There are 2 protein chains.
Amino acid sequence: MTTPAPVDEAAASEALRRLRVEVDRELETALPAEREWPATIHRAVRYSLFAGGKRIRPALVLAAGEAVGGARQELMPLACAVEMIHTYSLIHDDLPAMDDDDLRRGKPTSHKVFGEAVAILAGDALLTRAFHLLAEVPEGWDEPRLRRRLRAAAALGEACGTTGLIGGQVMDLESEGRAIGASDLERLHRAKTGALLSACVRGGAILGGASEPELELLSAYARAIGLAFQVVDDVLDATGSAEQLGKTAGKDQAAHKATYVSVHGLEPARALALRLRQEALSALAPLGGRGALLSAIARRIVDRRS
Amino acid sequence: MTTPAPVDEAAASEALRRLRVEVDRELETALPAEREWPATIHRAVRYSLFAGGKRIRPALVLAAGEAVGGARQELMPLACAVEMIHTYSLIHDDLPAMDDDDLRRGKPTSHKVFGEAVAILAGDALLTRAFHLLAEVPEGWDEPRLRRRLRAAAALGEACGTTGLIGGQVMDLESEGRAIGASDLERLHRAKTGALLSACVRGGAILGGASEPELELLSAYARAIGLAFQVVDDVLDATGSAEQLGKTAGKDQAAHKATYVSVHGLEPARALALRLRQEALSALAPLGGRGALLSAIARRIVDRRS
């Protein structure tokens, strides 16, 4: 059995910081300026997109794509698209008709600032722009590049649809206040959180020209971190403060939502997160040093405090 | 100057009826079945998508694409996508936070039947599936076909974004109860209604392999019918009954919304619609018989009673 390559933590931190800066710069140019007509919607879109997100999803796209030899420039539109989609899903999830949240990343949610109508439209706009961005390709691209772009867009479309992101949110709404079992809980989160995270990794790998075996091991990595992400979210919701999280803490319990903590208990949930982190790292082992950044992201997902 | 080819009305009616049947069959298979998990969202999506829409937008895609020699099979995904996007925009526009409409096509609106949360998600799901569908291409397509698909998707993305559909809705919300002038009114409707109708015609033409001159004349046609559509909507809202329209009549006036009727008067609005119809038909003249179906659609848009 191969073991994960040792990682220089400082180098990984610096690499992720630089990716974040670069993604932010690309997002900046991928959207109309605030002053452009109609200004309200552009203000609302930018308010949420630049609210201090950690850019984990774009980092996954870039790290997965570069791990298999992809060029950053070809990966960047997908990196921007996944962050737009993540942001759209947060804006819509926070709406009064959904989770009715007032705080997100330490700031008032979109509908609190711009009203419900504009918040709904800001989400719609981000979802639309994400796919629009993927459809924009330079003149002169050859057939394999065009095909990879379409394949990555299709993977993203599936992840965001009614068997992914949207399906998970529907199941989440329907399970509120009801006891659901461990397997339904896992299904919910594989759809609501896992599908998009998987699409980041798989989409990046597709754009990077991954071989089938590479795609398979990256998919295993993606499944593990996707679930780990949600388990850690639940642990943080049960143990963190609003100040730490930048959003209302203890909400799941107050809403009688099933979580990994309520279903399995706090310590077993923590142990599950560590096990999933190990699974993710083991999946990367065959990539050797090329998987260093993906390893660093997996560790950050599990070890984060907010 | 060339004049439009004479048209066999009965043949055009029959052709449009057959297109509608075919589009409905394709839409049926392009979406998960109602019983599929999570059933709620699939019920909601299908409730609105199969609520008796006239399928004008898919007909425009197919008619424009076939007018320049495109194959129906290659046009059909875009035909389905534009109807999904049209339906998503209706579901979101009808929400309490937006236009707060209870009736659409003679039936209770989505949020009345499924609640606001599911209605928001049903709109999101249709928007997502539209672009997902366009990203799905058969193995073996060559570079020109892949490029045309991406170009059509990009045209659709632009039409649905903040300078099109969404921008128009923002402007609509912001102009409620305020006096706006003729030029702002036209800008609003070019964005809210015209952009998507244009994307149908232009997208169909792109997929059909239109030459630049063909694309230009079809764009002129699209601009004229796009505006005509809204002018006729305003005339119908001012003069029709809820029974005829299948939606609440007289709403614009009640909401003090600027319309072509309130800004120009009823008769000038009717005259404008006829003038735009003529503009559309003239634009098609160089296509001769190949433009017959597009002519028939233009006449139906202006002469409709609901």
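How many residues of chain A are in contact with how many residues of chain B? In this predicted model, 44 residues of chain A are in contact with 44 residues of chain B. On the side of chain A that touches chain B, the elements giving two or more residues are α2 (39-49), α6 (116-135), α7 (143-160) and α8 (165-175) of chain A. Of these, α6(A) gives the most, with 13 residues. By class, the residues on this side of chain A divide into 25 nonpolar, ten polar and nine charged.

The secondary structure of chain A comes to 15 helices and two strands. The C-alpha trace of chain A spans about 55 × 50 × 35 Å along its principal axes. A compact globule of 306 residues would have a radius of gyration near 19 Å, and the 19 Å of chain A agrees with that. Of the 306 residues of chain A, 54% count as buried. Among the contacts in chain A with a separation of 6 or more, 74% are accounted for by residues 24 or more positions apart.

Back at the interface, one helix pair spans the two chains. Two packed helices are described by the angle between their axes and the distance between the axes. For α7(A) and helix α7 (residues 143-160) of chain B, the packing angle is about 40° and the axes are 9 Å apart. That angle makes α7(A) oblique to α7(B). The crossing in which α7(A) passes α7(B) is left-handed. On the side of α7(A), the contact is made by A:Glu143, A:Leu146, A:Arg147 and A:Leu150, and on the side of α7(B) by B:Glu143, B:Leu146, B:Arg147 and B:Leu150. The residues of this contact of α7(A) with α7(B) divide into four nonpolar, no polar and four charged.

B:Pro38 lies in the loop between α1 (9-30) and α2 (39-49) of chain B. Is B:Pro38 buried or exposed? With 24 other C-beta atoms within 10 Å, B:Pro38 is buried, the threshold for a buried residue being 20 or more. Leaving aside residues up to four places away in sequence, B:Pro38 touches A:Thr162, A:Gly167, A:Val170 and A:Met171. The peptide bond that joins B:Trp37 and B:Pro38 is cis, with omega about -10°. In chain A, the peptide bond from A:Trp37 to A:Pro38 is cis, with omega near -15°. A:Pro38 lies in the loop between α1 (9-30) and α2 of chain A.

Helix α8 (residues 165-175) and helix α9 (residues 182-207) of chain B pack at an angle of about 145°, with their axes 7 Å apart. Here α8(B) passes α9(B) in a left-handed crossing. From α8(B), the residues making the contact are B:Leu165, B:Gly167, B:Gly168, B:Gln169, B:Met171, B:Asp172 and B:Ser175, and from α9(B) they are B:Leu188, B:His189, B:Ala191, B:Lys192, B:Ala195 and B:Leu196. This contact of α8(B) with α9(B) divides into six nonpolar, five polar and two charged residues.

The second pair is formed by helix α3 (residues 56-67) and helix α15 (residues 292-303) of chain B, which pack at an angle of about 155° with their axes 9 Å apart. α3(B) and α15(B) are therefore roughly antiparallel to each other, as angles over 145 degrees count as such. The crossing of α3(B) past α15(B) is left-handed. The contact is made by B:Ile56, B:Ala59, B:Leu60, B:Ala63, B:Ala64 and B:Ala67 of α3(B), together with B:Leu293, B:Leu294, B:Ile297 and B:Ile301 of α15(B). By class, this contact of α3(B) with α15(B) has ten nonpolar, no polar and no charged residues.

Finally, two loop residues of chain A deserve a word for their backbone. Phi of A:Asp100 is near 50°, a positive value in a residue other than glycine. A:Asp100 is placed in the loop between α4 (72-93) and β1 (103-104) of chain A. A:Asp100 has 15 C-beta neighbours inside 10 Å and therefore counts as partly exposed. A:Arg105, although not a glycine, has a positive phi of about 50°. The loop that holds A:Arg105 runs between β1 and β2 (107-108) of chain A. A:Arg105 counts as partly exposed, with 15 C-beta neighbours inside 10 Å.

Definitions and conventions:
Residues are numbered from 1 along each chain as its sequence is written. Chains are lettered from A and ligands numbered from 1 in the order in which they are written. This is a predicted model: local features need pLDDT of at least 70, side-chain atom pairs count only at pLDDT 80 or more; totals for chains, interfaces and linings use all residues. Two residues are in contact if their C-beta atoms, placed from the backbone, lie within 7 Å. Helices (H or I, at least four residues) and strands (E, at least two) are DSSP runs, numbered from the N terminus. Ala, Val, Leu, Ile, Met, Phe, Trp, Tyr, Cys and Pro count as nonpolar, Asp, Glu, Lys and Arg as charged, and the others, Gly among them, as polar. Axes are lines fitted to C-alpha atoms, for helices over the stretch in contact, and angles run from 0 to 180 degrees between N-to-C directions. Angles under 35 degrees count as roughly parallel, over 145 as roughly antiparallel, 65 to 115 as roughly perpendicular and the rest as oblique. A crossing is left-handed if the near helix is turned anticlockwise from the far one by less than a right angle, and right-handed if clockwise. The radius of gyration is taken over C-alpha atoms; the globule rule is 2.2 Å times the number of residues to the power 0.38. A residue is buried if 20 or more other C-beta atoms lie within 10 Å of its own, exposed if 12 or fewer, and partly exposed in between; C-beta atoms are placed from the backbone.
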